[in-house]
Amino acid sequence: MLSKQPSSMKIAIIGGGIAGLTTAIALRQIGINVTIYEANQELRPAGAGIALAANAVKAFELLGLRDKILAHGNPFELFSILDKQGKIITESNHFAAKEKYKVIGSFSIHRADLQKTLLEAMEDIPLYLGHQFLTLTQNDEGVTLVFRNGHTATFDYVLAADGIHSAVRRQLVPNTKIRYAGYTCWRGVTDTAPVGLNPKQATETWASEGRFGIVPLQGGRVYWFACVNAPTGDEPRFRNFTKTDLLHHFGQLHAPVAEIIGLTPDKRILHNDIIDLKPLRQLAYGKVLLIGDAAHAMTPNMGQGACQGIEDAVVLQRLIRQYPTDLSEVFQKFEAIRLPRTTTIVDRSFTLGKIAQVSQPWLVALRNALFRLMPAGMNNRQLDFIMDMNAA
Ligand SMILES: Cc1cc2nc3c(=O)[nH]c(=O)nc-3n(C[C@H](O)[C@H](O)[C@H](O)COP(=O)(O)OP(=O)(O)OC[C@H]3O[C@@H](n4cnc5c(N)ncnc54)[C@H](O)[C@@H]3O)c2cc1C
């Protein structure tokens with residue numbers, strides 16, 4: 001058994017996404033010697049925008065990163081679900097988060113800005129690009145990693161933050177299940193916002209054609225997403241969908257949906273099927289721990305995928321502070337704390353997606369009517385659940 005103090009421990013993190021970078025910063029703050037290995041040759045400013053909820057704000061606050069990140073963020077006052085005509089189905093304001101938890105309710109940020117801010121906060125943490133993890137072996141001495149480029153290295157512990165298709169997870173638990181959620185998604189970012197768009201309001205429109213999200217970013221830009229039901233993943237007719245196709249498909253939705261699609265440069269429209277990872281039963285494997293999407297990839301319906309990876313970083317930091325010598329034990333405690341919470345969120349997110357993607361007109365009408373009757377207290381319960389991250 002290893003019984004080192006954090007300052008003499010060497011930990012490798014596989015994957016330089018949001019979870020890997022945030023966790024590296026969190027561990028460095030408590031004196032751990034941490035190294036990141038990333039498969040890509042460069043860390044491209046991936047994706048479009050992202051919305052981060054109050055629990056991520058709290059987590060960044062605990063890591064001392066809140067102000068740096070919010071400097072690029074656009075905090076919201078309102079999140080509204082709308083019908084096809086733009087009428088409110090349900091709405092939540094963010095004053096409760098401010099009053100009860102003293103944090104901003106949620107904010108949007110361009111992924112490139114989030115990545116850049118995290119990279120700056122890493123300071124001297126080594127990040128090896130072009131290092132695609134292949135295999136690992138562990139024994140009493142530590143964990144030895146082998147990379148595709150021939151590099152090998154041994155560490156006391158390893159964190160797998162290599163995303164939903166995690167190669168580390170595939171080696172440790174070969175039969176995990178990636179689930180197609182039943183809908184496919186386009187995302188984009190505009191450079192300008194339509195006149196009259198409220199920059200402090202994020203909206204999601206639920207229509208029989210599909211779902212359209214409008215998320216204003218800082219600097220007058222707008223991040224949007226559009227989800228359409230498709231019986232199987234990688235549907236050929238959606239693979240090559242163009243902006244014109246999207247305009248045709250969503251053109252009947254309320255303003256300014258069509259204008260926002262029209263404002264988006266073609267090359268900025270991303271497409272991918274929505275998938276998640278069937279909840280795992282185990283995250284800790286001796287000296288190796290799964291975190292982020294490698295551990296609990298979820299559909300984006302609750303806007304919690306990245307938030308949960310950020311929480312992982314804070315919870316792991318806190319546990320290592322409390323039990324600084326044997327991290328295999330810490331990893332088991334982490335699993336006991338994190339699995340029930342992330343499993344619940346994966347499941348809720350999957351169900352919410354099914355409800356939001358209903359397409360038969362009579363079911364759409366019924367769903368909208370039921371949501372309109374939803375008591376306001378439900379939003380507060382949801383906030384309490386999201387904020388209960390065992391990280392304070
Ligand atoms: C359409 C969509 C919208 C979303 N919206 C939101 C939202 O609004 N809010 C929210 O909180 N979440 C959202 N999410 C989820 C969020 O994007 C993810 O949960 C988050 O990015 C996962 O971060 P990660 O670091 O765990 O994994 P990833 O971002 O997948 O990073 C994994 C990293 O590991 C690297 N890697 C992979 N394999 C290897 C290997 N073998 N060796 C070395 N490196 C490797 C990859 O190159 C990558 O850099 C959304 C997701 C989607 C698909």
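## Second largest pocket

The second largest pocket of this predicted model has a volume of about 210 Å³. A pocket is an open set of points on a 1 Å grid over the protein atoms alone, where a 1.4 Å probe fits, with protein on both sides within 12 Å along at least five of seven lines. Grid points are joined across faces, edges and corners, and the volume is the space filled by probe spheres set on the points.

The lining consists of V173, N175, T176, K177, K278, P279, L280 and R281; lining residues have an atom within 4 Å of a point. By class, the lining holds three nonpolar, two polar and three charged residues. Ala, Val, Leu, Ile, Met, Phe, Trp, Tyr, Cys and Pro count as nonpolar, Asp, Glu, Lys and Arg as charged, and the others, Gly among them, as polar.

## Basis of the values

Residues are numbered from 1 along each chain as its sequence is written. Local features need pLDDT of at least 70 and side-chain atom pairs count only at pLDDT 80 or more, while totals for chains, interfaces and linings use all residues; side-chain values use heavy atoms, with hydrogens and water left out.

## Helix α11 and its partners

Helix α11 (residues 305-322) and helix α12 (residues 327-356) have axes that come within 10 Å and cross at roughly 150 degrees. Helices are DSSP runs (H or I, at least four residues) and strands likewise (E, at least two), numbered from the N terminus. Axes are lines fitted to C-alpha atoms, for helices over the stretch in contact, and angles run from 0 to 180 degrees between N-to-C directions. α11 and α12 are therefore roughly antiparallel (over 145 degrees; under 35 counts as roughly parallel). In the contact (heavy atoms within 4.5 Å), residues of α11 including V315, L316 and L319 meet residues of α12 including F331, F334 and I337. The residues of this contact are ten nonpolar, two polar and six charged.

Helix α1 (residues 18-28) packs on α11 at an angle of about 20 degrees, with the axes 9 Å apart, so α1 and α11 are roughly parallel. From α1, I18, A19, T22, T23, A26 and L27 meet A306, G309, I310, A313, L316, Q317 and I320 of α11. This contact has nine nonpolar, four polar and no charged residues.

## Helices α2 and α14

Helix α2 (residues 54-62) and helix α14 (residues 377-387) pack at about 30 degrees, with their axes 8 Å apart. A54, N55 and K58 in α2 meet L383, I386 and M387 in α14. Four of the residues in this contact are nonpolar, one is polar and one is charged.

## Backbone features in loops

A255 and P256 are joined by a cis peptide bond, with omega about 5 degrees. P256 lies in the loop between α8 (243-250) and α9 (257-262).

K102 is not a glycine, yet has a positive phi of about 55 degrees. K102 is placed in the loop between α4 (95-101) and β7 (106-110).

Definitions and conventions: Parallel < 35°, antiparallel > 145°, perpendicular 65-115°, else oblique.
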